[in-house]
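Trainee: I would like to learn how to read interfaces and cores in a model. Can we work through one case?

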2 protein chains.
Amino acid sequence: MANTSNYKLSAAVGPLKYNDILPYKTQSVSTTNDFLQKLIEILLDFVRATNDRNEKILDFHHPEEMQKLLDLKIPDKGVSLQQLIHDCATTLKYQVKTGHARFFNQLSCGLDIISMAGEWLTATANTNMFTYEIAPVFILMENVVMTHMREIIGPNWVNGDSILAPGGSISNLYAFLAARHKMFPNYKEKGIATIQGQLVMFTSDQSHYSVKSCASICGLGTDNCLMVPSDIHGRMIPSELERLILDRKAKGHIPFFVCCTSGTTVLGAFDPINEIADICEKYGMWLHVDAAWGGGLLLSKKYRHPRLSGVERADSVTWNPHKLMGALLQCSTIHFKEDGLLMSCNQMSADYLFMQDKLYDIRYDTGDKVIQCGRHNDIFKLWLQWRAKGDEGFEKHMDHLMEMSEYMVKRIKDQPDKFYLIMEPEMVNVSFWYIPTRLRKMPHSATREKELGKMCPILKARMMQAGTLMVGYQPDDRRPNFFRNIISSAAVTQSDVDFLLAEMDRLGHDL
Amino acid sequence: MANTSNYKLSAAVGPLKYNDILPYKTQSVSTTNDFLQKLIEILLDFVRATNDRNEKILDFHHPEEMQKLLDLKIPDKGVSLQQLIHDCATTLKYQVKTGHARFFNQLSCGLDIISMAGEWLTATANTNMFTYEIAPVFILMENVVMTHMREIIGPNWVNGDSILAPGGSISNLYAFLAARHKMFPNYKEKGIATIQGQLVMFTSDQSHYSVKSCASICGLGTDNCLMVPSDIHGRMIPSELERLILDRKAKGHIPFFVCCTSGTTVLGAFDPINEIADICEKYGMWLHVDAAWGGGLLLSKKYRHPRLSGVERADSVTWNPHKLMGALLQCSTIHFKEDGLLMSCNQMSADYLFMQDKLYDIRYDTGDKVIQCGRHNDIFKLWLQWRAKGDEGFEKHMDHLMEMSEYMVKRIKDQPDKFYLIMEPEMVNVSFWYIPTRLRKMPHSATREKELGKMCPILKARMMQAGTLMVGYQPDDRRPNFFRNIISSAAVTQSDVDFLLAEMDRLGHDL
């Protein structure tokens, strides 16, 4: 990136302060624009650098060093506009470029320009999503996009209901609350006292920890969130689910909620929805599908089945466009097949906020059906992105990510001396070990896995210090540390995959 | 605002599509910049119009009409860059200008240019706040600003802990969860079964509904969130709190949590913290101060006391910079006097996400102490704004809002025939009735209040249809609909207050 000293405001504007521009000085439109245009220069340069493979992903410094490189202090008297411009440039200089084509580190990678443009507009509009009164266009967009997403889940979902939430964990919480409310409508007022017996919920041992967190938050206790064993691919074993349900029923407990994960965090596994739905129907339990990660594949005719087959049988679905679809952070959605539940579950009848005698049809207001009261506008960036891509563009986007992952698997298999593929992935999560020279002749065994696991943090540290590549690693229940590569950025090409593998070898061969 | 047809991309760029720009075409930097610069033109024009008192606040249309004015459809094939630019301009044309100086409608008004600039940068950086690994600068900023805010709450808070949450309701939920965890550490695993007796919480009948919502979410049931009566100013009556505690204790219940509101939503009232703290100490209960709304006044030497006197005695404090301080939506904070509670309460030991063997000091990672997992970056816009204003600038900002409110009260009192002041406000909430000509001679009585209440929705509708003014109204337990004016925008001047009162008279005198 350009040196931060390149960003100089004009001599007339630089020394000015916040109260020399809008809204303080009404005649300061051009000064305000000068300041904002200078910021835009910095942002455009960051966008350019993010998309330049010759630029580093990050310039790593330990927290103590980083603090010395930055001036983060809150001053008594405010700093000048020039200093703010300098602060912005410095911030981006040391920020990790999560949109860089060699950033394979998170479930959310990439920098979608259209979605980013949407978020700039969202910031400028700076409104709250609780009423049509102050967010008319955005509320209508939310209706259009949420209906479209429900149509994609299944034709029987069109008349359901949806809401955007601040992240998949809160979306899952919404599903839990709606399920409890549907089955025990008095719970809202009376609480636990309304039920004879312990509520129990079920999720796979590979599921996102937010499901277990629901049990903690909502008073069940994590001991009553049962972790159903998964098979070797990371998919919930339906017979184990049924066994655990019967076990708890025998104790007089009340199994009421099953979370089926479509795209697990580490392995990208898809629980078998149809088999789990059969069990939920048999025992009268709520079926929630946590497709926060895998939901994007609903947009692909080629990859939707068999992974998400049966999703239309669920009662609720979490689906995060900020993951596979590349919408800017945050953009998470929760969908319900049944309309009216969100409102009856969450409404606190705050008539002092959500008046019933308004100018317009108050069914468009959303404030009373959410647990946050005010909500950030997370819809515009997604709507604009979907307008840009269309359904067809999003399908191509999903297919591209899957094809790049397939290419990576192929390239790993082509080099069995250097890489060990842990399993054939169902999604864009590719799990593998890199094998340094000294371990290449060793037969694969638990001993070698342990050695390979020890390499992961060291190789990751080398990547970050080189600044050329970022790939995540973690242990799981079956094995020590291993790399989990994620291709969720539309920027990734075959040559980036080739680079990734070559760079790991360059940085790690001598380990 | 300028006509949307003014925003034409060049003939070469306009027909292009999303996949003709970055990251799809690596050689398309200048085309990408052209598109983004055109968007910036639109945004700058919206900023200009927001700050121009000759521009309308909104162009109101009912939902059905609005749908006809907009093309919101998700297409099969994506639209052109030119169409996206048109979409952006149209969106803003029909959006309410919440930063307009005559928008007095919400607790969050105003458009702080520096905070907006910060949010543009945040969008461009597009990262997640869960680890230092991918948000190094932002994590350090969060530490600096949160520590500074705790210092302002009280010197004994410096070694506490804080987190930014998606809105005050979730911040209040964090407080509830920490309180329950502190008193009943087994609750996390065992749930309700760990406790002999019904948990009970208390909040004033004027408090935000999210407090009651906690009781619903967390399994107490809203019947066990007791609404403590308030005095005529809307302040919790401490003797009533104690009476209700003793009443529930007599039933064998376990009172454990009191929410004390600093700045109620409607009246802007401040519960007496010191007296409530005495009661909490006497009965061993957690004291939470919900200063989501009033917290900004902590920054003013003149207005902090007596309103927030005793806040340092609380166990937790919610404080939303996106309200009185004008940070862009959303920016909410929750602070704890005791360090470590957030982590022990919310940690689900997701070692697969938050590895313990990293390159850097993992105490800087925040992911494991929150309930959302991923978090939007809500700190940069606040940090940049605070750098710009300094403590001194924020103090002036708070004092200005209070002085404008005092001016409004004075102007209302100057015109007793046209306006009826309901009470002397403690904050920037000014509660009043507008009196149309035909009711000016009528002595004030319950009958007149009822008539005045009926006028509110009609006058509000006229404001929205004229597009010149927006002021909120609502009923409360003691009276029918009345206007609640909010001055939380730094743009408001005495002449805006004069305009507000004159415009209400112009629009409503014949009602």
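**Interfaces and cores**

Mentor: Chain B and chain A bury about 14000 Å² between them, 64% of it on carbon and sulfur atoms. Buried area is the accessible area (1.4 Å probe) that two parts lose on being put together, summed over both. The size of an interface is often given in this way, as accessible area lost when the parts come together. This is a predicted model, in which local features need pLDDT of at least 70 and side-chain atom pairs count only at pLDDT 80 or more, while totals for chains, interfaces and linings use all residues. Residues are numbered from 1 along each chain as its sequence is written, chains are lettered from A and ligands numbered from 1 in the order in which they are written, and side-chain values use heavy atoms, with hydrogens and water left out.

Trainee: How many residues does the contact take from chain B and from chain A?

Mentor: Contact means heavy atoms within 4.5 Å. Chain B gives 158 residues and chain A gives 158 residues.

Trainee: How many salt bridges are counted between chain B and chain A?

Mentor: A salt bridge is a side-chain nitrogen of Lys or Arg within 4 Å of a carboxyl oxygen of Asp or Glu. The count here is 10 salt bridges. One pairs Asp87(B) with Arg387(A), at 2.9 Å from N to O.

Trainee: Which domains does the assignment give for chain A?

Mentor: Domain bounds come from an automatic or database domain assignment. For chain A these are domain 1 (4-92), domain 2 (161-185 + 196-354) and domain 3 (389-508).

Trainee: Which residues have the most contacts inside the largest nonpolar core?

Mentor: A nonpolar core is a set of buried (under 20% relative accessible area, 1.4 Å probe, protein chains only) Ala, Val, Leu, Ile, Met, Phe, Trp, Tyr and Cys residues joined through side-chain atoms within 4.5 Å. The largest has 310 residues, and Phe35(A), Trp120(A), Phe35(B) and Trp120(B) have the most contacts inside it. Apart from it lies another core, of 68 residues, including Ile192(A) and Trp286(B).

Technical notes. Buried < 20%, exposed > 50% of the residue type's maximum accessible area, 1.4 Å probe, protein only.
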